[in-house]
Amino acid sequence: MSDVDLSGKVCMVTGATSGIGQAAAVALASAGAELVLVARSRERAERAVREIRDASGNDRIDVLLGDLSVQTDIRRVAAEFLDSGRPLHVLLNNAGVFMLQREETVDGLETTFAVNHLGYFLLTKLLLDRLLESAPARIVNVASGAHAYSGGRLDFDDLQSRGGYAAMKVYAKSKLANILFTRELARRVEGKGVTVNCLHPGMVGSNLATNNGFLGRLAMTLVRPFARSNEKGAETAVYLCVSDDVAEATGGYYYNCKQAWPKSFAQNDDDAARLWQESERLCSGSAAPAT
Ligand SMILES: NC(=O)c1ccc[n+]([C@@H]2O[C@H](COP(=O)([O-])OP(=O)(O)OC[C@H]3O[C@@H](n4cnc5c(N)ncnc54)[C@H](OP(=O)(O)O)[C@@H]3O)[C@@H](O)[C@H]2O)c1
C-alpha cells in the first residue's frame, strides 16, 4: 500500500463512520485519494472525518449525508455527487447491518435486504455512468463468507423475509445478494473500463450487530477477542480498490487479498440476472414490494 499514489483519484466509501469502512477510508486517504463518505449521522460523520484526517494527514474528505435504507436519500446523495461534476474512480459499497429482529424501512422493505443489498444496488446504478466516464474505475462490494449460511439459493418469492425471520439467515441472504450483484454487474460492464469485485473481510471486531441492544453488544464483546482488527478486516477491500494485481480482474470474490470461491449457489448466473430484475423493480418506487 505504501507505494500506491491515489492523488487525483476520487473514492466514495459507504459506512465509513465505523469498523471496516473507516479503516479502509484511512488507507485510501493515506494514499492521497479525495474521499467522499456517505453517512447517515452528521455527528458520527464529523467524528469519522476528524479521525480519518488525523490518521492519514489528508483533509480532502467530504461527506454526503443520507440513510442508505431510504431510497429517496440514496437518490439525493447520488444527485448531489453527480451535480458536483467530480469524477468517481472507486466506489466502495460497505455499509451494512445485522438485525436481530425483523424491521421494515420507510419504503416497506425488510431492513437487512434494503441496506445490505438494495443500498449497494441503487447507489451503484445511479453512479454507474459517472464511473464509466471516469474509467479506469473500480466498484468493490463488501460481501461475507456468511453467505454460506443462507441455506442455499435466494427465495425470490420471499425476498422480504415475511414468511419467518431468522436473523443469521436473512443476513446471509443479503451477503449472497452482494456476490450475485457483483457477478451480474461485472457481466454488464465488461470491457468498459470498470471492474466489479467483492470480498469477505474475515471475522472483524467492528460495531456490526451492536445496534441490537444488550444482546447485540454482548455478542460482539464475546466475539472481539477472536476477531480481526478493523484494519486487518479492511485489507482485502483496499487491495481490490487500489492494487495493480487486480487492475483488470472483475466479477470475483476475494478473501485475504486472494481470489476465493463462494458457494455454488453464489455462482448461479440465472439467480444473479433475476436478482437484478427484482432489484430494479424494488427500486422503481412505483409499487409496494410484493416479495
Ligand atoms: N464485522 C464482520 O465480522 C464482518 C464480516 C463479514 C462482512 N462484514 C461486512 O462488512 C461491512 C462493514 O461492516 P462492519 O463490520 O465494519 O460494521 P460496523 O462497524 O457496524 O459498520 C457499519 C457501517 O455501516 C453504516 N450503516 C449501517 N446502516 C446504514 C444506513 N442505513 N445508512 C448509512 N450507513 C449505514 C454504519 O453507520 P452508523 O455509524 O451510522 O451506524 C457504519 O458506518 C458490512 O457490509 C458487513 O456486512 C462484516
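In this report, Ala, Val, Leu, Ile, Met, Phe, Trp, Tyr, Cys and Pro count as nonpolar, Asp, Glu, Lys and Arg count as charged, and the others, Gly among them, count as polar. With those classes in hand, let us walk through this structure, which is a predicted model.

**Around the ligand**

Start with the ligand. Its shell holds 27 residues, and the closest are Gly15, Ser18, Gly19, Gly96 and Ser206. Sorted by class, the shell has eleven nonpolar, 13 polar and three charged residues. Which helix gives the most to this shell? That is helix 1, with three residues.

**Helix 1 and its two partners**

| Pair | Axes come within | Crossing angle |
|---|---|---|
| Helix 1 (residues 19–30) and helix 7 (residues 230–242) | 8 Å | roughly 55 degrees |
| Helix 1 and helix 2 (residues 42–56) | 9 Å | roughly 45 degrees |

Now turn to helix 2. With an angle of roughly 45 degrees, helix 1 and helix 2 are therefore oblique to each other. This crossing is right-handed. Gln22, Ala25, Val26, Ala29 and Ser30 of helix 1 meet Ala48, Ile52, Ala55 and Ser56 of helix 2. The contact of helix 1 with helix 2 has six nonpolar, three polar and no charged residues.

**A lysine before strand 1**

Lys9 sits in the segment before strand 1 (10–14). Is Lys9 buried or exposed? A residue counts as buried if 20 or more other C-beta atoms lie within 10 Å of its own. Lys9 has 22 such neighbours, so it is buried. Leaving aside residues up to four places away in sequence, Lys9 touches Ala33, Glu34, His89 and Val90. His89 is 80 residues from Lys9 in sequence, yet their C-alpha atoms are 5.9 Å apart in space.

**Backbone details to look for**

Most residues other than glycine have a negative phi, and most peptide bonds are trans. Here are some exceptions to find in the model.

The peptide bond from Ala135 to Pro136 is cis, with omega near 5 degrees. Pro136 lies in the loop between helix 4 (111–133) and strand 5 (137–142).

Where is Asn256 found? Asn256 is in the loop between strand 7 (253–255) and strand 8 (258–260), and Cys257 is in the loop between strand 7 and strand 8 too. Asn256 is not a glycine, but its phi is positive, at about 50 degrees. Cys257, also a residue other than glycine, has a positive phi near 60 degrees. Asn256 has 13 C-beta neighbours inside 10 Å, so it counts as partly exposed. Cys257 is partly exposed because 15 other C-beta atoms lie within 10 Å.

Terms used
Residues numbered from 1 in each chain as written. Predicted model: local features only at pLDDT ≥ 70, side-chain atom pairs only at ≥ 80, totals over all residues. Helix = DSSP H or I, 4+ residues; strand = E, 2+ residues; numbered from the N terminus. Buried ≥ 20, exposed ≤ 12 C-beta atoms within 10 Å, placed from the backbone. Contact = placed C-beta atoms within 7 Å. Axes fitted to C-alpha atoms, helices over the stretch in contact; angles between N-to-C directions. Near = placed C-beta within 6 Å. Parallel < 35°, antiparallel > 145°, perpendicular 65-115°, else oblique. Left-handed = near helix turned anticlockwise from the far one by under 90°.
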